[in-house]
Amino acid sequence: MPPEGRPGPHSKERTSDPADTEASLIARAQAGDVGAFERLSGAYADRVFMLLLRLLGDRGEAEDVTQEVMLRAWQGIARFRGQSSYFTWLYRIAVNEANRALAKRARRPASVTIGADELQLPESAAQDPSRQAENSELRRSLGQALAELPPALRTAIVLRDVEGLSTQEAAEIAGIGQAAFKSRLHQARLRVRAAIGDETLTAIGG
């Protein structure tokens, strides 16, 4: 079992060593090499944590669920067959664990709070001092609108519009076909627009 603590950097390490390629790390992890697994999964740990923070709205819970994701990935690595990328496979585990955590809550999804810091603005807007206060308020509105979405719709809009994944990759992570994913995304966008208005969504770069 991998050691406690959030592993690794935000993005994959680039190295010329053939022993450290993703395929090699996967093979070694499947053979029981904990260190290889930590290098492999640690490259995505920060992204997984941010995804969970956006879905759950609670930093402490996101940290706990990140650990659960890594544990489940370690337990299931031997079954990984490469039919999708490792990143997609790991993100799918994260989404499933987020849904599991939300299902355990004895309150409505609307109680999730997504803070302004988890929602990115275009750099030009974020760096303009005259708009910082306005943008902070707009992001709070967007965060509240996302928090009020059912988990499946929130997942769709976070994967596609916040994480910036392609429709194909986001659908794979959500575990549904592209047509079904597009339908969820459309519903999510409609609800967000209804909650905060088109002008507000445009102002925050949506």
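Trp89 is buried, at a relative accessible area of 14%. Buried here means under 20% relative accessible area, exposed means over 50%, and partly exposed lies in between (1.4 Å probe, protein chains only). Phe80 is buried as well, with a relative accessible area of 8%. The model is a predicted one, in which local features need pLDDT of at least 70 and side-chain atom pairs count only at pLDDT 80 or more, while totals for chains, interfaces and linings use all residues. Residues are numbered from 1 along each chain as its sequence is written, and side-chain values use heavy atoms, with hydrogens and water left out.

The aromatic residues come next. A pair of aromatic rings is described by the distance of the centres and the angle of the planes. Rings of Phe, Tyr and Trp (its six-membered ring) pair if their centres lie within 6.5 Å; planes under 30 degrees apart count as stacked, over 60 as edge-to-face and the rest as tilted. Seven aromatic pairs occur in the structure. In one of them, the ring centres of Phe80 and Trp89 are 5.2 Å apart and the planes stand at 55 degrees, so this pair is tilted. Phe87 and Tyr91 form a tilted pair too, with 4.4 Å from centre to centre and 40 degrees between the planes. Both of these residues, Phe87 and Tyr91, are buried. They sit four residues apart in helix H5, and are therefore separated by about one helical turn. Ring pairs link Tyr44, Phe80, Tyr86, Phe87, Trp89 and Tyr91 into a cluster.

The overall fold is helical in its elements. The protein has eleven helices and zero strands. Helices (H or I, at least four residues) and strands (E, at least two) are DSSP runs, numbered from the N terminus. Of the 206 residues, 42% count as buried. Contact means heavy atoms within 4.5 Å. Among contacts with a separation of 6 or more, 70% come from residues 24 or more positions apart.

Helix H5 covers residues 86-104, and helix H9 covers residues 167-174. The two pack at an angle of about 50 degrees, with their axes 8 Å apart. Axes are lines fitted to C-alpha atoms, for helices over the stretch in contact, and angles run from 0 to 180 degrees between N-to-C directions. Angles under 35 degrees count as roughly parallel, over 145 as roughly antiparallel, 65 to 115 as roughly perpendicular and the rest as oblique. H5 and H9 are therefore oblique to each other. The crossing of H5 with H9 is right-handed. A crossing is right-handed if the near helix is turned clockwise from the far one by less than a right angle, and left-handed if anticlockwise. On the H5 side, the contact involves Phe87, Thr88, Tyr91, Arg92 and Val95. These meet Glu169, Glu172 and Ile173 in H9. By class, the residues of this contact are four nonpolar, one polar and three charged. Ala, Val, Leu, Ile, Met, Phe, Trp, Tyr, Cys and Pro count as nonpolar, Asp, Glu, Lys and Arg as charged, and the others, Gly among them, as polar.

H9 also packs against H10. Their axes come within 9 Å and cross at roughly 95 degrees. H9 is therefore roughly perpendicular to H10. Thr167, Gln168, Ala170, Ala171 and Ala174 of H9 meet Gln178, Phe181 and Lys182 of H10. Four nonpolar, three polar and one charged residue make up the contact. Helix H10 spans residues 178-196 and contains Ile196. Ile196 counts as buried, at 12% relative accessibility. Ile196 and Ser141 are 55 residues apart in sequence, yet their C-alpha atoms are 6.6 Å apart in space.

Another helix pair is formed by H3 (residues 45-56) and H4 (residues 59-76). Their axes come within 8 Å and cross at roughly 130 degrees. H3 and H4 are therefore oblique to each other, and their crossing is right-handed. H3 contributes Ala45, Val48, Phe49, Leu52, Leu53 and Leu56 to the contact. H4 contributes Arg59, Glu61, Ala62, Glu63, Val65, Thr66, Val69 and Met70. The contact of H3 with H4 has ten nonpolar, one polar and three charged residues.

Asn99 lies in helix H5. Asn99 is partly exposed, with a relative accessible area of 31%. Asn99 touches Pro151 and Thr155, leaving aside residues up to four places away in sequence. Asn99 and Leu56 are 43 residues apart in sequence and 8.8 Å apart in space, C-alpha to C-alpha.
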